[in-house]
Amino acid sequence: NQCKQRRKFNFCTDCNSKTHSADRCPNIWRSYITLPQNKAHKFKYPADLIYCYNCAERGHYGDECLQQRVSKTPNINGSAFTGENLPRELRRQYHS
Amino acid sequence: SLDFKTGNNNPRYPWIRNNDHSKQIEISDWLTMEIKDFIKYISPSAEEIQARNNTVGRLRECITGMWPDAEVHCFGSFATDLYLPGSDIDMVVVSKARNNKYDNRSSLYQLSSYIRNNKLGINVETIAKAKVPIIKFVDPATKIHIDISFERTNGIKAAELIISWIKDTPGLRELVLIVKQFLAVRRLNVVHTGGLGGFATICLVRSFLKLHPRMATRSIDPLENLGVLLIEFFELYGYNFGYDNTVVAFDEDGDPYYVSKNSNAAFQNRNPFTLAIQDPHDKNNNISRGTFNLRDIKRAFGGAFELLVNKCYDMNQATYKERLGQSVLGDIIKYKGKQRDFEDA
Ligand SMILES: [Zn+2]
Ligand SMILES: [Zn+2]
């Protein structure tokens, strides 16, 4: 019985995350109204604006930092400052 | 549990009067609209703006009448149009020749007695022993508090920079006004008690906006996304920001970046958990040096994040009937404004 409840609490049917349930999914509020883009539009990679809130280095966002976390408050569900928040076509460049 | 109230005249949130957004499907859109309503609600009326301008104009005329080789400038939130109702007006007297002629006690006392004798101000206080000597008084017509300092041009330069930032960063003004009101209610905006000052607040919001992945790639219009951006501002500075390590800095063009505290002795402190914001006009100056109460500020930002997201989760599950009269913003912003018939919760 307890096991069942636990699974319900720890699995999100919306984003498949194991850190929260669907009724507490960050997607409920982290939803942007994006600007309409025409097909020819190419996003520019914002190389000079990618900085890490944790180690202050350029080139990655804090959510992907490999250094030890400085803040004592945990980042359970991920934040706005992640490569996942870049337009899809720029993510490969970010991860390479 | 929901704090259930019917009708949209909930006196705790006067800005939602006749502006019901509870039918918004996306809660962040609801919050965006509420932010816009709140800003409209706290913005001064045309008469109030006129009254403030008259006060400034009258003082300027009197001071330059007495000292024809002086200029009188405004700086701070009044000059940048980032003031909340009841904010002070900051003025500075500068000699036209820029020779610090008025940077002395006799000028200070001469002007304060002039203000007193000509009934230009009430409760006139002359603070001569401070690092920045000032005259403080209340304008008899508007009851606005006014501070006058002498020969300090930093504030004028900062105001010019802020005005250019507001022009080139849509959303900056809106988020700054909300964060300032949030801090003011908690008395966390007073620098001499370790709070976060206006300029530091502007620097944090601008850095957040410019470095945000969606903003950096121009994939969103910030004015359409104020709700989610406000939550993410609190998420960054309430949860994730590595204060012990990271300095908010600005390059020659005013573009923000981060730099490690190790790179500059000016940002090192016996207590590593201190806010470091590099002065855009002086690389070796930390403009948030006085913000020693970072613990409470971080905790308040983190608490605002929690309250906002929990409200979003609650509202997302609520029926339209339950949503009616609710405010998403109201859990973090209390406003006791011009309409005194509204009770402050
Ligand atoms: Zn989820
Ligand atoms: Zn890092």
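In this predicted model, B:Glu232 and A:Arg30 form a salt bridge, their closest N and O atoms being 2.9 Å apart. B:Glu232 belongs to helix H9 of chain B and A:Arg30 to the loop between H1 and H2 of chain A, so this pair joins two chains. Both B:Glu232 and A:Arg30 are buried. A:Arg30 has a further partner in B:Glu235, whose side chain meets that of A:Arg30 in a salt bridge at 2.7 Å, N to O. Together, A:Arg30, B:Glu232 and B:Glu235 are linked in a network of salt bridges.

In total, 45 residues of chain B are in contact with 40 residues of chain A. About 3600 Å² is buried between chain B and chain A, with carbon and sulfur atoms giving 59% of that area. Polar contacts across the interface of chain B and chain A amount to 23 residue pairs, both residues being at pLDDT 80 or more.

B:Asn225 sits in the loop between H8 and H9 of chain B and, at 2% relative accessibility, counts as buried. The side chain of B:Asn225 reaches the backbone oxygen of B:Asp221 at 2.9 Å. Leaving aside neighbours within four places in sequence, B:Asn225 is in contact with residues including A:Ser31, A:Tyr32 and A:Ile33. On the other chain, A:Asn54 is found in the loop between helix H1 (2-10) and helix H2 (88-95) of chain A, and it counts as buried at 3% relative accessibility. A polar atom of the A:Asn54 side chain lies 3.1 Å from the backbone oxygen of A:Gln68. Beyond neighbours within four places in sequence, the contacts of A:Asn54 include A:Cys65 as well as B:Gly242, B:Asn245 and B:Thr246.

A:Cys65 leads on to the metal sites. The zinc ion (ligand 2) is coordinated at 2.0 to 2.3 Å by A:Cys52 (SG), A:Cys55 (SG), A:His60 (NE2) and A:Cys65 (SG). The 4 donor atoms subtend angles of 102 to 119 degrees, which makes the arrangement around the zinc ion (ligand 2) tetrahedral. The sequence spacing of these donor residues is C-x2-C-x4-H-x4-C, and A:Cys52 is buried, with a relative accessible area of 0%.

A:Cys12 is buried at a relative accessible area of 0%, whereas A:Cys15 counts as partly exposed at 31%.

Over all chains, the whole structure holds 11 salt bridges. Within chain B, the side chains of B:Asp69 and B:Lys101 meet in one of 2.5 Å, N to O. That pair links distant parts of the chain, 32 residues apart. B:Asp69 counts as partly exposed at 30% relative accessibility, and so does B:Lys101 at 40%. B:Glu71 forms a salt bridge with B:Arg98, with 3.3 Å between the closest N and O atoms. B:Glu71 lies in strand E1 of chain B and B:Arg98 in the loop between E2 and H4, so the pair ties together parts that are 27 residues apart in sequence.

Terms used: Residues numbered from 1 in each chain as written. Chains lettered and ligands numbered in written order. Predicted model: local features only at pLDDT ≥ 70, side-chain atom pairs only at ≥ 80, totals over all residues. Heavy atoms only, no water. Donors = N, O, S within 2.8 Å, 3.2 Å for Na, K, Ca; no water. Tetrahedral: all angles 85-135°; square planar, octahedral: opposite > 155°, others 65-115°. Buried < 20%, exposed > 50% of the residue type's maximum accessible area, 1.4 Å probe, protein only. Contact = heavy atoms within 4.5 Å. Buried area = accessible area lost by both parts, 1.4 Å probe. Salt bridge = Lys/Arg side-chain N within 4 Å of Asp/Glu carboxyl O. Polar contact = N/O pair within 3.5 Å; in protein donor to acceptor, adjacent residues only side chain to side chain. Helix = DSSP H or I, 4+ residues; strand = E, 2+ residues; numbered from the N terminus.
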